[in-house]
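User: I've got this one open and want a quick walk-through. Can we go over it piece by piece?

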Amino acid sequence: MMSMQAKERLAKAVIWGAALITVCILALIIGYILVQGIAKLSLSFFLENPRRMGSEGGIFSPLIGTIYFTCLTMLLAAPVGIGAAVYLTEFTREGPLVRVIRFATDALAGIPSIVIGLFGFAFFVVFLKPLTGGWSILSGSLTAFCMILPTVVRASEEAIKAVPAAYREGSLALGASKWQTVLWVVLPSAMPGILTGVLLGVGRVIGETAPLLLTLGGSLLIPRSIFQPARTLSMHLYLVAMETGEFSVAFGTAAVLVIVILLLNLLSHTLMRRLMIRIGGR
Amino acid sequence: MALQPQEKVFPLLLLICALTSILVVILVGVFVFLQGYPMLAKTGFFTFLLGRSWQPGQGVYGILPMVVGTIVVTLLSLLIGVPLGIATAIFLAELAPEGAAAWTRRAIELLAGIPSVVYGLFGMVTIVPLVRYIASNWFGAWLSPEMKTGYGILAASLVLAIMILPTIVSISEDALRAVPREYKEGSFALGVPHWQTIVHVLLPAARSGIIAGVVLGMGRAIGETMAILMVAGNAPALPRSIFSPVRTMSGNIGLEMGYASGSHAQALFATGIVLFLVIMLLNGFALLFTGRRAVRTP
């Protein structure tokens, strides 16, 4: 029979071990991808177009596609998401309508991305073909918009709620209208938090692949407008690894993705710290 | 005093933004359902769900292999990921020195942000060869050739287990931290050691939150497409061992939607309906257990 203390120590050791495994897995994944991929990274890898289905050449056109696609998606999602958050926090009280909106936002966040992809295919690619050009950056962005809307809404809501009531009261007491208060007092104070939510959305958009397989078209040509098909880096990684088996290009692409995600993470932490300082009262 | 025009117009614009989520959810439901319903009506819901054969070339559509594949891969990944996740959550909430906790939390946050295709690629070049080695060298005598490729249930479950860790860890940690201080202090005051307090006081008190975390991890596992496509082998047949190649429901859609048309496309939409219903049921459970906002985006 083990003594109580020995048991206590053993249990804690197991917990430490489990946490260590978790951290090691992360270090292993990031380390492995970077080590395998970084040798591939050169200026020509970034600036050359893919050749032979991506097994040779660089990642220029997927890079351009990613930038187009990400910017357009955020251009759609940020205003709508922030607008929804402002409405939910500043312009309404808890009631049936708000409950339905919250329920819908939660439900949307829970729908598997591939199902959103099916919807995007049926609605944006097929049904709205005259407007979107079928498989195109626009169709892909609209689909991704549906997917990340909940992320942006929630993060913005949290950020706006964190703004102290005294700020609003002070502004209203000075005679500013509700709208002026929101625009000039609440939103600027919450901005770092809102931007963090937008960055979260950017991270998801860059990483997501499944719905884009059905909506973005996967073309290797450089897109000339948002009505043309394209492919993103994540899609490129998948297609190259699965269809050509050329792992060096896949690892190079993966390394680029991991570096971008690391940078986004770093940036959002910096922003979060700024929000804390701003709201914590200087 | 009369309101300025913008004081009336802007709230209206904001309301429209807020209503977008509702519109999108309705549109997603309607469009996926409309496209998939003809298939379900023609073959019958249960014939489609329990059919053992998927042969789009012959017009035979049964998704039982994919349903079984999804269930097996999900359960096995939970079996691996949940203990590890809860242990890590206990570490973060109770045992870790502040510095170590902060770093671990950052690491887990990063883990959540890595694209699923990157996990898939990692799985293809590390986990698949490992499983292949184990299958051919340790169990070679019992397994048929297609089970020795490394691609299959075990590889997919291992990759998924890693992918659902962040969800389980962060929600379980929140649940543990939400337990009132008095519980812990009361237990300590009675002379109960730390570990006993964790097992008999904190974990039971945080149970509903932890279960919600597990259910959400499960939702993520069921919905995941890309990483599984890359390591699961994707054969639409009923699996016979944990080394068998397997196809999941989401994988089925991702794999074939690119070239499907006619009744084949309808069958894939019908697969989407089944997936949609499963996730909605799961989220319902999560809501029941917590009574608060259930789903959390990574």
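User: Where does Ile38(A) sit?

Analyst: Ile38(A) is in helix H1 of chain A, residues 4-38. Keep in mind that this is a predicted model.

User: Is Ile38(A) buried or partly exposed?

Analyst: Partly exposed, because its relative accessible area is 47%, and buried would need under 20%.

User: What patch is Ile38(A) part of?

Analyst: A nonpolar one on the surface. Ile38(A) forms it with Ile259(A), Leu263(A) and Leu266(A). Together they have about 360 Å² of accessible area.

User: Which helix gives the most to the nonpolar patch?

Analyst: Helix H12 of chain A, residues 247-279. H12 supplies three residues.

User: Switching to salt bridges. How many over all chains?

Analyst: Eleven. One of them pairs Glu157(A) with Arg102(A), at 2.5 Å from N to O.

User: Where are those two in the chain?

Analyst: Glu157(A) is in helix H7 (residues 137-161) and Arg102(A) in helix H4 (residues 96-110), both of chain A.

User: Glu157(A) and Arg102(A): buried or exposed?

Analyst: Glu157(A) is buried, and Arg102(A) is too.

User: Now chain B. What does Lys184(B) pair with?

Analyst: Glu94(B), in a salt bridge of 3.0 Å, N to O. This pair links helix H7 (residues 181-189) with helix H3 (residues 64-95) of chain B, 90 residues apart. Lys184(B) is partly exposed at 25% relative accessible area. Glu94(B) is buried at 15%.

User: And Arg105(B)? Which residue does its side chain meet?

Analyst: Glu173(B), in a salt bridge at 3.0 Å, N to O. Arg105(B) lies in helix H4 and Glu173(B) in helix H6 of chain B, so the bridge ties together parts 68 residues apart in sequence. Arg105(B) is partly exposed, with 29% relative accessible area. Glu173(B) counts as buried at 5%.

User: Which residues do shared partners join into one network?

Analyst: Glu90(A), Arg168(A) and Lys178(A), through salt bridges.

User: Helix packing next. How do H8(A) and H9(A) cross?

Analyst: Their axes come within 10 Å and cross at roughly 145°. The crossing is right-handed. Contact residues on H8(A) include Tyr167(A) and Arg168(A). On H9(A) they include Lys178(A) and Thr181(A).

Conventions. Residues are numbered from 1 along each chain as its sequence is written. Chains are lettered from A and ligands numbered from 1 in the order in which they are written. This is a predicted model: local features need pLDDT of at least 70, side-chain atom pairs count only at pLDDT 80 or more; totals for chains, interfaces and linings use all residues. Side-chain values use heavy atoms; hydrogens and water are left out. Patches are made of residues with over 30% relative accessible area and no salt bridge: like charges are joined within 9 Å, nonpolar side chains (Val, Leu, Ile, Met, Phe, Trp, Tyr) within 5 Å. Accessible areas come from the Shrake-Rupley method with a 1.4 Å probe; for residues, only the protein chains shown count as cover. A salt bridge is a side-chain nitrogen of Lys or Arg within 4 Å of a carboxyl oxygen of Asp or Glu. Helices (H or I, at least four residues) and strands (E, at least two) are DSSP runs, numbered from the N terminus. Buried means under 20% relative accessible area, exposed over 50%, partly exposed in between (1.4 Å probe, protein chains only). Axes are lines fitted to C-alpha atoms, for helices over the stretch in contact, and angles run from 0 to 180 degrees between N-to-C directions. A crossing is left-handed if the near helix is turned anticlockwise from the far one by less than a right angle, and right-handed if clockwise. Contact means heavy atoms within 4.5 Å.
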